[in-house]
Amino acid sequence: MVAADFAPTSVQAKSFLQTNVMRVSILGATGSVGTSALDLIGRAPANYSVEALTADANVALLARLAITHGAKLAAVATPDAYAALKAALSGTGIEAAAGPAGLELAAGRATDCTIASIVGVAGLQPALTAVALGKRLALANKECLVSAGHVFMRAVRTHGCELLTVDSEHSGVMQLIEARNRDQITKVTLTASGGPFRTWPPEAINAATVEQALKHPNWAMGRKITIDSATMMNKGLELIEAQHLFDLRPAQLDMIVHAQSIVHALVEYSDGSVLAQLAAPDMRLPIALALTWPDRRPTPVPKLDLTKTPALTFEPADDIRFPCVRLARAAMHQGGGAPAALNAANEVAVAAFLAKRCKFGHIASIVDRALQTLDNRGLLPEPAGVAEIMNLDAEARRVATEALGAIGDID
Ligand code: MG
């Protein structure tokens with residue numbers, strides 16, 4: 001089953017219940033989504049068998065998680081970290097692996113469900129390897145769909161992969177879409193918290209510090225996505241993600257600022273009816289649902305009491321104070337290689353901001369300049385495959401790094 005037709009697949013659901021043990025791998029196990037998933041798995045250990053866990057570089061945490069959850073294989077992306085991982089796992093019987101080959105080994109290991117939660121386009125190849133298993137992929141890495149939407153969805157269909165989303169808003173959409181009347185959907189709206197700078201004046205936003213940008217009001221997440229939330233690029237990336245996940249046209253997709261993060265998504269039908277999905281802002285809900293879909297099981301997520309939540313408010317996204325909204329929308333409408341270039345340039349700009357090498361306000365300027373440069377050079381047609389995507393990604397990073405170097409001219 002692909003996300004484009006969310007007809008519940010009772011056959012697959014039944015097979016999980018029959019065996020009663022779901023084999024799970026987590027690509028990106030030490031991050032926010034990975035540790036939340038392991039928290040859930042640890043609460044029902046009889047239901048899961050942890051196969052492979054991977055991490056970027058945090059060997060100590062990876063080894064601890066692998067031992068705690070009885071993983072069969074642990075892989076670290078940094079090749080140099082192999083000896084340290086091997087030593088940390090010595091005597092446990094857990095296989096150690098490292099580098100790109102180690103990640104491939106982990107991603108290709110047989111599972112019933114692989115959670116793909118590596119940050120950035122670095123997660124693309126491992127996610128594609130897991131797609132090729134033809135089982136369930138719980139996708140937390142939106143960059144895969146932004147950079148490689150068509151190629152990724154083609155692979156999903158070719159291999160009969162059951163693609164489920166772990167992004168909270170998209171999980172909301174998944175729960176709201178009824179397979180039988182998909183052609184009657186007129187609009188899908190993702191909510192945005194507005195981030196820490198929702199009410200700030202533009203000059204203050206442009207000069208915001210890393211510490212201020214990392215203080216997300218509602219969600220506890222990794223550093224990259226938290227900065228993307230502060231620029232609101234995250235919501236722009238999510239529109240592109242939703243376009244591919246649910247096979248929607250750009251004109252059907254919208255975002256709305258909802259500071260309380262209680263409503264996660266809205267689906268409007270042609271008769272004017274709007275369905276909303278509500279839940280406490282806790283990533284364990286979409287993660288749990290991706291593991292048990294189409295079933296639902298109790299989770300530790302706090303129950304919602306609408307008499308005790310603050311008043312729910314909605315306002316339009318301001319693409320003047322948050323120019324990344326405009327850039328992402330433009331890339332989505334342009335299509336072709338624009339979303340991949342947008343994502344790559346944004347990864348460079350966010351990393352530079354986190355390293356205090358540019359101002360917050362420069363993130364959008366760098367992305368804007370990189371996209372314009374690539375477009376002027378005619379480098380943004382639709383990439384044909386993964387190799388073309390990775391070439392464009394590398395070129396966009398190079399151009400964005402040039403723009404970063406010329407930041408004095410941008411100001
Ligand atoms: Mg999200």
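**Figure 1. Ser261 in the loop between β9 and β10 of the predicted model.** Ser261 sits in the loop that joins β9 to β10, where strands (E, at least two residues) and helices (H or I, at least four residues) are DSSP runs numbered from the N terminus. The model is a predicted one, in which local features need pLDDT of at least 70 and side-chain atom pairs count only at pLDDT 80 or more, whereas totals for chains, interfaces and linings use all residues. Residues are numbered from 1 along each chain as its sequence is written, and side-chain values use heavy atoms, with hydrogens and water left out. With a relative accessible area of 4%, Ser261 is buried (buried means under 20% relative accessible area, exposed over 50% and partly exposed in between, with a 1.4 Å probe and protein chains only). Its side chain is joined to that of Asn218 by a polar contact of 2.7 Å, a polar contact being a pair of N or O atoms within 3.5 Å of which, within protein, one must be able to donate a hydrogen and the other to accept it, and residues adjacent in sequence count only if both atoms are side-chain atoms. Apart from neighbours within four places in sequence, Ser261 is in contact (heavy atoms within 4.5 Å) with Ser193, Asn218, Trp219, Ala279 and Pro281.

**Figure 2. His258 in the loop between β9 (253–257) and β10 (263–269).** His258 has 0% relative accessibility and therefore counts as buried. The side chain of His258 reaches the backbone nitrogen of Ile262 at 3.1 Å. When neighbours within four places in sequence are left aside, the residues in contact with His258 are Thr191, Ala192, Ser193, Val263, Leu312, Thr313 and Phe314.

Figure 3. The chain is divided into domain 1 (22–166), domain 2 (171–282 + 304–316) and domain 3 (335–410), with bounds that come from an automatic or database domain assignment. The centres of domain 2 and domain 3, taken over C-alpha atoms, are separated by 24 Å, and the contact takes 18 residues from domain 2 and 14 residues from domain 3. Between them these two domains bury about 1300 Å², 76% of it on carbon and sulfur atoms, where buried area is the accessible area (1.4 Å probe) that two parts lose on being put together, summed over both. Val210, Lys224 and Met233 supply 33% of the area that domain 2 buries against domain 3, more than any other three residues. The count between the two domains is one salt bridge, defined as a side-chain nitrogen of Lys or Arg within 4 Å of a carboxyl oxygen of Asp or Glu. Three residue pairs are found in polar contact across the interface of domain 2 and domain 3, both residues being at pLDDT 80 or more. On the side of domain 2 that touches domain 3, α9 (202–206), α10 (210–213), α11 (223–231) and α12 (233–245) each supply at least two residues, and α11 gives the most, with six residues.

**Figure 4. Helix α15 (residues 338–354) and Lys356.** Of the 17 residues of α15, 16 are buried. Lys356, whose phi is positive, near 60°, follows the helix, and Lys356 forms a salt bridge with Glu211 in which the closest N and O atoms are 2.9 Å apart.

**Figure 5. Leu371 in helix α16 (residues 362–376).** Leu371 counts as buried, at 11% relative accessibility. Apart from neighbours within four places in sequence, Leu371 is in contact with Ala338, Ala341, Leu342 and Leu380.

Methods
The expected span of a helix is 1.5 Å times one less than its number of residues.
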